[in-house]
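Have a look at the sequence and the model first, then read on.

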Amino acid sequence: MKAFAVWTLAAATATLCVPAAAQFAKAEDAIKYRQSALFVMGQHFGRLGAMANGKAPFDAKLAQENADVVASIARLPWAGFAPGTDKGALTKAKPAVWAEQARFKEHADKLEAETVKLAAAAKTGSLDNLKAAFGPAAQTCKACHDDYRSK
Ligand code: ASC
């Protein structure tokens with residue numbers, strides 16, 4: 001029984017930690033993975049931005065769908081910045097990502113937190129709430145890009 005409990009806990013922990021524990025066969029795969037996740041997130045974030053900035057009509061249901069995708073994907077890219085993945089494919093990630101891992105993680109955590117707030121805001125169905133949450137979320141994208149992505 002005890003062994004079962006331990007195994008169950010281990011399995012549950014492994015499930016919760018899937019993104020962080022993700023392993024890649026080679027650096028190129030990790031680079032493609034993080035770029036893909038960031039690209040998909042950017043597409044959905046951009047659609048929200050268009051609504052928040054009045055460039056597209058506000059559609060509460062679409063906003064909620066896009067914000068949910070953003071909040072889910074926001075958890076994924078970071079596993080792709082594993083040690084040793086600073087090269088192996090074309091990448092704009094600066095060496096500072098690996099030199100300042102704790103600070104880089106703070107940026108990632110901030111993005112995750114803001115995208116959770118963004119999804120909660122979108123869920124209210126209010127454009128004003130979406131606008132209010134969009135700015136801080138976009139700022140977390142920008143802050144990290146400014147420091148950790150080369151031009
Ligand atoms: C986007 C996108 C980003 C951010 C950033 C916010 O839509 O792809 O990287 O917003 O431009 O400042």
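## How to read a helix pair

Before we compare helices, here's what the angles mean: an axis is a line fitted to C-alpha atoms, for helices over the stretch in contact, and the angles run from 0 to 180 degrees between N-to-C directions. Two packed helices are described by the angle between their axes and the distance between the axes. One thing to keep in mind is that you're looking at a predicted model.

Start with α3 and α4, whose axes come within 9 Å and cross at roughly 150 degrees. Angles over 145 degrees count as roughly antiparallel, and therefore α3 and α4 get that label. As for handedness, α3 passes α4 in a left-handed crossing.

Next up is α4 with α6. Helix α4 covers residues 60-73 and helix α6 covers residues 101-123; the two pack at an angle of about 160 degrees, with their axes 8 Å apart. That makes this pair, α4 and α6, roughly antiparallel too. Their crossing is left-handed. Then there's α6 with α7: here the axes come within 9 Å and the angle is roughly 165 degrees. So α6 is roughly antiparallel to α7, and α6 and α7 also make a left-handed crossing.

## Around the ligand

Which residues surround the ligand? You'll find Gly-42, Phe-45, Gly-46, Ala-138, Cys-141, Lys-142 and His-145 there. The protein covers 59% of the 310 Å² of accessible area that the ligand has on its own.

What kinds of residues make up this shell? Sorted by class, the shell has three nonpolar residues, three polar ones and one charged one. There's a backbone detail to spot as well: an oxygen atom of the ligand sits 3.4 Å from a polar backbone atom of Ala-138.

## Back to the helices

Where does the shell come from? Two helices, α3 (27-52) and α7 (127-148), each supply at least two of its residues. The largest share comes from α7, which gives four residues.

Key. Residues are numbered from 1 along each chain as its sequence is written. This is a predicted model: local features need pLDDT of at least 70, side-chain atom pairs count only at pLDDT 80 or more; totals for chains, interfaces and linings use all residues. Side-chain values use heavy atoms; hydrogens and water are left out. A residue is near a molecule or strand if one of its heavy atoms lies within 4 Å of it. A polar contact is a pair of N or O atoms within 3.5 Å; within protein, one must be able to donate a hydrogen and the other to accept it, and residues adjacent in sequence count only if both atoms are side-chain atoms. Accessible areas come from the Shrake-Rupley method with a 1.4 Å probe; for residues, only the protein chains shown count as cover. Ala, Val, Leu, Ile, Met, Phe, Trp, Tyr, Cys and Pro count as nonpolar, Asp, Glu, Lys and Arg as charged, and the others, Gly among them, as polar. Angles under 35 degrees count as roughly parallel, over 145 as roughly antiparallel, 65 to 115 as roughly perpendicular and the rest as oblique. A crossing is left-handed if the near helix is turned anticlockwise from the far one by less than a right angle, and right-handed if clockwise.
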